[in-house]
Amino acid sequence: MAVNTNPRWIRDVQVQNAALMTTGGKVWRAAHELGRFLEARHDELAWGHGGRILEIGAGCGWLGLYIARNAPEMDVCMTEQLEGVEHLSNNIALNAALPVQRVSSAVLDWSDLDAAKDLLDQRWDLVIGSDLLYAEQAVKDLPALFSRLASASTRILYAHTLHRYDHLDVEFFKAMKAIGLEYREVGDVTPNDEEFLCELFPEERSTVFEIGRAGVSPAMLETRPRTKSDCESDAPRSEPSGLDVAAETWSGDDLGISVVLPDENCEEKILNALKDVPVLRLAVVGPFGNTTHPTTRVILRWLASEEGKHAIRGQQVCDYGCGSGALGIAALLHGAGSCVGVDNDIAALVATTANAEANGCKIAAHLPPAEVLERDIDFYTRFGNWSSRSDGWSPLPLKELRGQCPVVLCNIVVGPLCRSAPTLHELCAPGGWVLLAGFKGSYMKAQVEDAYSDLFGTLEYRGCEDGWGLFVGRKLPVA
């Protein structure tokens, strides 16, 4: 791809929003994510002079114009449904003063590909699209369109906002597999876990997928760490976190437990620890947490408190979103009778099991309940259909465990945290405790409160560390 010589792409494209019958009247987050991705990966997408790009569902045209502005030697054809083409053409004209002369627009009705045969049969080096899945019909039409365009010389990149329509997401990826398409998440990842938690939008995550046909399409790109400069984007931001300055704040290592990491001298740390402080050994950490993040620490403090120790003593605890298993193991070390760990990442279940063994205890590790996995697009895109797996990891038997956990701990990012409320309510025993972490600031705090207050009554906000808060609630007893 021929690009400008500036270290960053020029961002002076202007588009106007419009009230349309389609979703193409505004620029969606995924378009900005794909633009950032293409800017960061231009060195890997070097098609040379005369390359051709086809954009599906171009909407306002921002993405296609942004590419054309920074790769003026490329031909960019932006497509839309008939009712959206006039708005698209107007935005092309709005940028006539910029060097975007090799941009064109065309009508493309996904439900009638034969009508667009001349367009689809042309040679395209890159096919792009962003946030195209918003109706049931698209679950069928979009995979068929991708299949029609997949070839040995065409790379297909689709930016998608996960968790916007979970039920459509799963069916869409299943439909692609059913017609022989393969896909891979190639959107760059943020290497720092804390940065990822801070920047994650509450209920949705935009990422880039590459789509192709096995043995036919070009070799897929690899995911690579996102640099700080890559993260700088003109994508619209959600409401600022708005730290609750009136809340009680915690700091320091008053966790009531001494943590030994894999590269630390275990014996030395044990000798230096207070005699009445349990030692938690983490044999496997990976990306799942080493107890240093505030969301883990706020729950560790509660487990070590008199209230926490009294609540868990001899009881079954559920660590929902167990990661490395640190919270569940800490509960066992503080006197819990047993622990069930749940995570939708198989590597986390492996880490939890290994860490429990390193501490001389056992955690019954499971995938989320079957009905949750059926709607879990993250799990499906990474691991496939849960019901066809044969690796020994089974879904949580929710019917057997309904109301059997007097204490439920949940430290996950706020979108899944809110969606997990019904499951946690089922697991929690009447009058039992629920501990919720993974949210920051007034906006996320309100989301969690809305999701849980009807099920658990009044949630008590116990305070925060570095803005990351803790809710403690009690399940309403059976009347």
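The model is predicted, so local features need pLDDT of at least 70 and side-chain atom pairs count only at pLDDT 80 or more, while totals for chains, interfaces and linings use all residues. Residues are numbered from 1 along each chain as its sequence is written, and side-chain values use heavy atoms, with hydrogens and water left out.

**The chain as a whole**

- The chain has 19 helices and 16 strands; helices (H or I, at least four residues) and strands (E, at least two) are DSSP runs, numbered from the N terminus.
- Of its 479 residues, 54% are buried, where buried means under 20% relative accessible area, exposed over 50%, and partly exposed in between (1.4 Å probe, protein chains only).
- Among contacts between residues at least 6 apart in sequence, 76% join residues at least 24 apart; contact means heavy atoms within 4.5 Å.

**Helices α1 and α2**

- Helix α1 (residues 29-40) and helix α2 (residues 62-70) pack at an angle of about 20°, with their axes 9 Å apart. Axes are lines fitted to C-alpha atoms, for helices over the stretch in contact, and angles run from 0 to 180 degrees between N-to-C directions.
- That angle makes α1 roughly parallel to α2 (angles under 35 degrees count as roughly parallel, over 145 as roughly antiparallel, 65 to 115 as roughly perpendicular and the rest as oblique).
- Residues of α1 in the contact include Ala-31, Leu-34 and Leu-38, and those of α2 are Trp-62, Leu-63, Tyr-66 and Ile-67.
- Nine of the nine residues of α2 are buried, so α2 is largely enclosed by the rest of the structure.
- The buried residues of α2 pack against α1, β1 (52-56), β2 (75-80), α3 (82-94), β3 (103-107) and β4 (126-130).

**Helices α5 and α6**

- Helix α5 (residues 136-149) and helix α6 (residues 166-178) pack at an angle of about 30°, and their axes are 9 Å apart.
- These two helices are therefore roughly parallel to each other.
- On the α5 side the contact is made by Glu-136, Val-139, Leu-142, Pro-143 and Phe-146; on the α6 side, by His-167, Leu-168, Glu-171, Phe-172, Ala-175 and Met-176.

**Ala-351**

- Ala-351 lies in helix α13 (residues 346-358).
- This residue is buried, because its relative accessible area is 1%.
- Ala-351 and Leu-282 are 69 residues apart along the chain, and their C-alpha atoms are separated by 8.9 Å.
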